[in-house]
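Let's take a walk through this structure together. Have the viewer ready and follow along.

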Amino acid sequence: MDAPEAQDAQDASEASVTPDALDDLLDLLDLERIERDIFRGESRSALVPRVFGGQVAAQALVAAGRTVPADRLAHSLHAYFLRPGDAGAPIVYNVDRIRDGRSFTTRRVVAVQHGQPIFHLSASFQTYEEGLDHQADMPAAPDPESLPTAAETLPLHLPREVADRLIEARAAVDLRYAEEPPWGTVGQPREPRSQVWFRTNGKLADDPLLHVVLATYVSDMTLLDSVLLAHGRGGWAVGDVVGASLDHAMWFHRPFRADEWLLYDQESPTAAGGRGLGQARIYTRDGRLAISVIQEGVVRVPR
């Protein structure tokens, strides 16, 4: 890159990591308890004029987790995005205590705005157990510290206003692409596979639910990238597709920390009918398979 571009990237990188970014995100995810099983969360806008799906999923998991004994850890969630969220209004989370068994606890959460459900989550929690243990091997990936930060690469590919908004929206997370992101190779179809490393920009408390919630928040940021790569599309930031998350599922296999490097290995097996499917595995830096993720989203080419 030439000298002006390098300086712009350095300026963006320095501006993106503020000491308050992670605290602001944690405040956003810290819900107000209105009744025994009713919670209220604030909203904030994303790149598009609606609430970021990862925010709603993370807040709903917080609501569910606060009705579950501390010794029961989240092991799966299944969610549907029903309506776009209004970033200018709070969200109310109603929790149903579906089941409290000897080993498993199940919760259903409905997120409501303006009297209508916008999101539905089912989450399951389990007491710790020993059992059979095997996993898929971690794929090869470059060392995260060898990769440029998002703040260093975004201004090279996107209009400065869009890059600044995306950097600000992700300031609480250090997210680094192993290869060029979709907006870096517009018009060049590639293998539908994408890898990113991520961790929070700051240390987190030891609460296991907090780390699961932060991973849920980040999981919605890049999962459909592989769909875009297959067709040489740059995505929502470029404006050559329009879309939204439809449903999202996660399984939490092993303990992890969201403030330590996690490899998000993503691929898209198919896209059809105006929808694209992304599936992924999240590994700890030392190779343990921590999370499996599947998401389908609307992915349409603007007319």
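Over how many bridges do strand 3 and strand 6 pair? The answer is nine: strand 3 (residues 72-81) and strand 6 (residues 116-127) run in the antiparallel sense. Strands here are DSSP runs (E, at least two residues; helices are H or I, at least four), numbered from the N terminus, and two strands pair if DSSP finds at least two bridges between them. Within this pairing, leucine 73 stands opposite glutamine 126 in strand 6.

A word on the source: this is a predicted model, where local features need pLDDT of at least 70 and side-chain atom pairs count only at pLDDT 80 or more, while totals for chains, interfaces and linings use all residues. Residues are numbered from 1 along each chain as its sequence is written, and side-chain values use heavy atoms, with hydrogens and water left out. The mean pLDDT (the predictor's confidence in each residue, from 0 to 100) is 91 for the protein.

Now zoom out. Twelve antiparallel strands build an open sheet, ordered 1-2-4-5-6-3-9-12-11-10-8-7.

Finally, look for aromatic pairs, meaning Phe, Tyr or Trp (six-membered ring) with ring centres within 6.5 Å; planes under 30 degrees apart are stacked, over 60 edge-to-face, the rest tilted. There are four such pairs. In one of them, the rings of phenylalanine 198 and tyrosine 264 have centres 6.1 Å apart and planes at 70°, so they are edge-to-face. This pair joins strand 8 (residues 193-200) to strand 10 (residues 262-272), across 66 residues.
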